[in-house]
Amino acid sequence: MDDQTRIELEAAAFRALREHLMEKRTDVQNIDMMNLAGFCRNCLSRWYQEAANERGIDMNKSEAREIFYGMTMDEWKATYQTDASGEKQEAFKKSFAENVGDKG
């Protein structure tokens, strides 16, 4: 497979993942994703931002999240985010430290 085809397939897979998380599974909470998989929608938007920055495109965390979420973080939280139990919040702290560290 040539590099251009690989890039196009990777981009298509990313778009499908984004659509799945943003349109089909809005019920799945970021905290649950982070606790189970070690990444969440915010991680995906951060990776997007980092890729942009590496290519000289000036993009901050809020801009990247709005691009990924298709709305502001405040809008997403108001529409889809639910309260997390203390147990989930404690698990999140551990998962975040292990998987994100100081990048968050």
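Trainee: Is C40 buried or exposed?

Mentor: This is a predicted model, where local features need pLDDT of at least 70, side-chain atom pairs count only at pLDDT 80 or more, and totals for chains, interfaces and linings use all residues. Residues are numbered from 1 along each chain as its sequence is written, and side-chain values use heavy atoms, with hydrogens and water left out. Buried means under 20% relative accessible area, exposed over 50%, partly exposed in between (1.4 Å probe, protein chains only). C40 has a relative accessible area of 5%, so C40 is buried.

Trainee: Which cysteine sulfur is nearest to that of C40?

Mentor: C40 is in no disulfide (a pair of cysteine sulfur atoms within 2.5 Å). The nearest sulfur is 4.2 Å away and belongs to C43.

Trainee: How many disulfides does the rule count?

Mentor: C43 is in no disulfide either, with the sulfur of C40 at 4.2 Å. C43 is also buried, at 5% relative accessibility. By the rule, the count of disulfides is zero.

Trainee: How many aromatic pairs are there in the whole structure?

Mentor: Rings of Phe, Tyr and Trp (its six-membered ring) pair if their centres lie within 6.5 Å; planes under 30 degrees apart count as stacked, over 60 as edge-to-face and the rest as tilted. A search of the whole structure gives this number of aromatic pairs: six.

Trainee: What angle lies between the planes of F39 and W47?

Mentor: F39 is partly exposed at 23%, and W47 is partly exposed at 39%. Their rings are 6.1 Å apart, centre to centre. The pair is stacked, with an angle between the planes of 25°.
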